Amino acid sequence: MVYSQPHVYTTIFTLSVLKACALDSYIAAVYEHSVILSEDTKIPVSPEDALMLMNKNMDVLEGAIKAAALQGARIIVTPEDGIYGWLFTRETIYPYLEDIPDPQVNWIPCTDPDRFAPAPVQERLSCMARSNAIYVVANIGDKKPCNSSDPKCPSDGHYQYNTDVVFDSEGKLVARYHKYNLFVTETQFDYPKEPEFVTFNTSFGKFGIFTCADILFHDPAVVLVSKLQVDTVLFPTAWMNTLPLLSACQFHSAWAMGMGVNFLSANICNSSLDITGSGIYAPNVPRAFHYNTETESGHLLVTELSSHPRLSPTYPIAVNWSSYATSIKRFSPDGHDFSGVIYFDLFTFTELAKPEGNRTVCQKDLCCHLSYRMAEKREDEVYVLGAFDGLHVVEGEYYLQICTLLKCKSTDLKTCGQPVATAHTSFDTFSLSGTFGTSYIFPEVLLTGVQLAPGEFQVLSDGRLINQNGTSKPVLSVTLFGRWYEKDPPHPQQAFP
């Protein structure tokens, strides 16, 4: 006798339906927002006045969300601090915060706004998502009560967290993430007790989420990609550009390539603070990006991405980042190395004094090798090869290994490493490599005008970053930016039990 197994057939049917509904690609959007700011963030305001300001910003975001949905976007990311701004004290941020429940409660604030404590911001974001049938990613503030039984409970009796929320196309809260690596100025917020690894699944891929400075650290960023295997990372940020190595588009596109993941980065637009640079990045190439320090206006980016980039034929090859550099002898040592500073870190430099050649510069265990040929050697521009192997200790502590070819600000070698945004020298060829002790390397090529170079360079399996058929625009920097996470000091939350 044959017995039926309805639960087996049901499971098979469900999996078949999910597979049939799965999308090979999807349209993604990010919005760079010029935030409407409070007149004075040091003066407390009423909850009503706080909501009035937040509604002004959400009015703008709602317009961007509608525009993205009309272009077929399935998900849109908006910036960190995009709803209330920044530079608050612990006291003055409080009226802007809401109690954000765990997404497991299965809540649609738009249709059930009174289920939890007053949450007008969550309700409105939920309704934006629901009415436009689009996933909405936003950054707001969470508050959680605590008491004396918790030895880490703040004296005011509650925790305050910098928080990302995600509402699905029906308006349901599907993700909540508390920022783990706070920037030094974020004294209004608390560190969560442990890093959170937040993911959620959709018909167009598996998503992870973290915020701004989190990208510089192992937890949660590397865990989401390397261990949890997300397809796309969502990244609300308020990123101040720091040339020559850490401008927003430059580093975020490099991180996407180095980690092999889609990356949706939504930044603030504020020219007075040099905050700009948003993008939609695939592992093999930037798909859309925006950088504008001239105007104070929002900008919407919309483009198509692969739902599962690891399955794409254009997925980057596996790279042994130190293979080539450790197999060759040092190029042309001439004893003319000198020191210079990039973003508080003391690099060792050597000048590219000739229009072509091979150069090596070393610091500690890192040796950086460069072969190059300039299209023309100009007398009014100086380029150097630089190496840094050490602990960065300003505005966060993290261990770096960096090889970089960069333009100096002037012909005075003392300016090498200082920010510069324009160049006139093009390179017919370059090949940069290093004897890295870490496998986490992010390749960057930045062109004059702080622009990316999609399709103009590639990484070889032996760890060489090379150009393809010459660069069409003059070069600001060519960099292999390495992070040696194992050498990092403890996270502030763990360092002081």
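Cys269 counts as buried, at 3% relative accessibility. In this predicted model, Cys212 is buried as well, with a relative accessible area of 10%. Cys269 is in no disulfide, and the nearest cysteine sulfur, that of Cys249, lies 12 Å away. Cys212 is likewise in no disulfide; the nearest cysteine sulfur to Cys212 is again that of Cys249, at 14 Å. A pair counts as a disulfide when its sulfur atoms are within 2.5 Å.

**Disulfides**

Searching the whole structure gives five disulfides. The table lists three of them, including their S to S distances and the torsion about the S-S bond.

| Pair | S to S distance | S-S torsion | Handedness |
|---|---|---|---|
| Cys146 and Cys153 | 2.1 Å | about 75° | right-handed |
| Cys368 and Cys403 | 2.0 Å | -80° | left-handed |
| Cys408 and Cys416 | 2.0 Å | 90° | right-handed |

The link of Cys368 and Cys403 is left-handed, with -80° about the S-S bond. This pair links distant parts of the chain: Cys368 belongs to strand E16 (residues 366–374) and Cys403 to strand E18 (residues 398–407), 35 residues apart. Both Cys368 and Cys403 are buried. Cys408 and Cys416 are also buried.

**Strand E18 and its partners**

Strand E18, which holds Cys403, has 10 of its 10 residues buried, so the strand is largely enclosed by the rest of the structure. In a regular strand the side chains alternate between the two faces of the sheet. For E18, both faces are covered. On one side Tyr398, Leu400, Ile402, Thr404 and Leu406 are buried, and on the other Tyr399, Gln401, Cys403, Leu405 and Lys407 are buried.

E18 pairs with strand E17 (residues 383–392) in the antiparallel sense, over 10 bridges. Within this pairing, Lys407 in E18 stands opposite Tyr383. The two strands E17 and E18 form a hairpin with five residues between them, and Glu395 in the turn has a positive phi of about 55°. E18 is also joined to strand E24 (residues 475–483) by seven bridges, and these two strands run antiparallel. Leu400 has Arg483 as its bridge partner in E24.

In soluble globular proteins, nonpolar side chains tend to be buried together. The largest nonpolar core here has 101 residues, of which Ile75, Phe210, Leu234 and Trp255 touch the most other members. Helix H6 (residues 248–259) supplies the largest share of this core, eight residues. With neighbours within four places in sequence left aside, Trp255 is in contact with Phe210, Ile215, Ala221, Val225, Val233, Gly260, Val261, Phe263, Phe442 and Tyr485. There is a second, separate core of 32 residues, and Ala50, Leu61, Tyr84 and Leu182 are among them.

**Helix H2**

Two members of the second core, Ala50 and Leu61, are also listed among the buried residues of helix H2. H2 (residues 47–70) has 24 residues and reaches 33 Å from its first C-alpha to its last, close to the 34 Å expected at 1.5 Å a residue. Its buried residues are Ala50, Leu53, Met54, Asn57, Met58, Leu61, Ala64, Ile65 and Ala68. The elements that cover these buried residues include strand E1 (25–32), strand E2 (75–77), helix H4 (120–132), strand E3 (135–145) and strand E12 (299–306). After H2 comes Gly72, which has a positive phi near 90°.

**Annotated region**

An unreviewed UniProt entry carries the annotation "domain: CN hydrolase" for residues 31–321. Over residues 31–321 the chain is 22% helix and 23% strand. The end C-alpha atoms of that stretch are 34 Å apart.

Key: Residues numbered from 1 in each chain as written. Predicted model: local features only at pLDDT ≥ 70, side-chain atom pairs only at ≥ 80, totals over all residues. Heavy atoms only, no water. Helix = DSSP H or I, 4+ residues; strand = E, 2+ residues; numbered from the N terminus. Buried < 20%, exposed > 50% of the residue type's maximum accessible area, 1.4 Å probe, protein only. Core = buried A, V, L, I, M, F, W, Y, C linked by side-chain atoms within 4.5 Å. Contact = heavy atoms within 4.5 Å. UniProt positions renumbered as here; feature names shortened; annotations may be inferred. Pairing = 2+ DSSP bridges. Expected span 1.5 Å × (residues − 1).
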